[in-house]
Amino acid sequence: GANVGIPFNIIVVNRADGPCLMINPKIIRSYGKDIESTSNCGSITLDEPIVIVRKEFIDISYFTIDGNQVFENKVSRREAGLTIQHEVDHNLGILITDRAKIN
């Protein structure tokens, strides 16, 4: 995974109100419409971005640097929901190519 040798899953995403550090983020539920977007990833070399499909909304839980647990409902793509899904996938060993839309 992306955090090899670190006993925590850690991601940082840019949100409307600034960077958000999430420790041990878990996607509790993903729902809504399927959202297609083109994406690339710095972890693997792709010649061109690929089309991926993710859900419109997610409910997530994570811990802050202060140890507080946070639950968020209905995080949308505008609130970095797609990025959160991508980064959580990294920590689970899921590659962007695993999410590629198959025609």
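Trainee: Arg54 and Asp89, buried or exposed?
Mentor: Both Arg54 and Asp89 are buried. Keep in mind that this is a predicted model.

Trainee: What do the side chains of Arg54 and Asp89 form?
Mentor: They meet in a salt bridge, with N to O at 2.9 Å. That pair joins distant parts of the chain, since Arg54 sits in strand E3 and Asp89 in helix H1 (residues 81-91), 35 residues apart.

Trainee: Which residues make up the network, then?
Mentor: Arg54, Asp89 and Arg99 are linked by salt bridges into a network.

Trainee: Why does Asp89 count as buried?
Mentor: Because its relative accessible area is 5%, and the cut-off for buried is under 20%.

Trainee: And how is Arg99 classed?
Mentor: Arg99 is partly exposed, at 33% relative accessible area.

Trainee: Changing topic. How many salt bridges are there?
Mentor: The count is five. One of them pairs Arg29 with Asp59, whose closest N and O atoms are 3.3 Å apart.

Trainee: Where are Arg29 and Asp59 in the chain?
Mentor: Arg29 is in strand E2 (residues 18-39) and Asp59 in strand E3 (residues 50-63), 30 residues apart, so the pair links distant parts of the chain.

Trainee: Asp59, buried or exposed?
Mentor: Asp59 is buried, at 8% relative accessibility.

Definitions and conventions
Residues numbered from 1 in each chain as written. Predicted model: local features only at pLDDT ≥ 70, side-chain atom pairs only at ≥ 80, totals over all residues. Heavy atoms only, no water. Salt bridge = Lys/Arg side-chain N within 4 Å of Asp/Glu carboxyl O. Helix = DSSP H or I, 4+ residues; strand = E, 2+ residues; numbered from the N terminus. Buried < 20%, exposed > 50% of the residue type's maximum accessible area, 1.4 Å probe, protein only.
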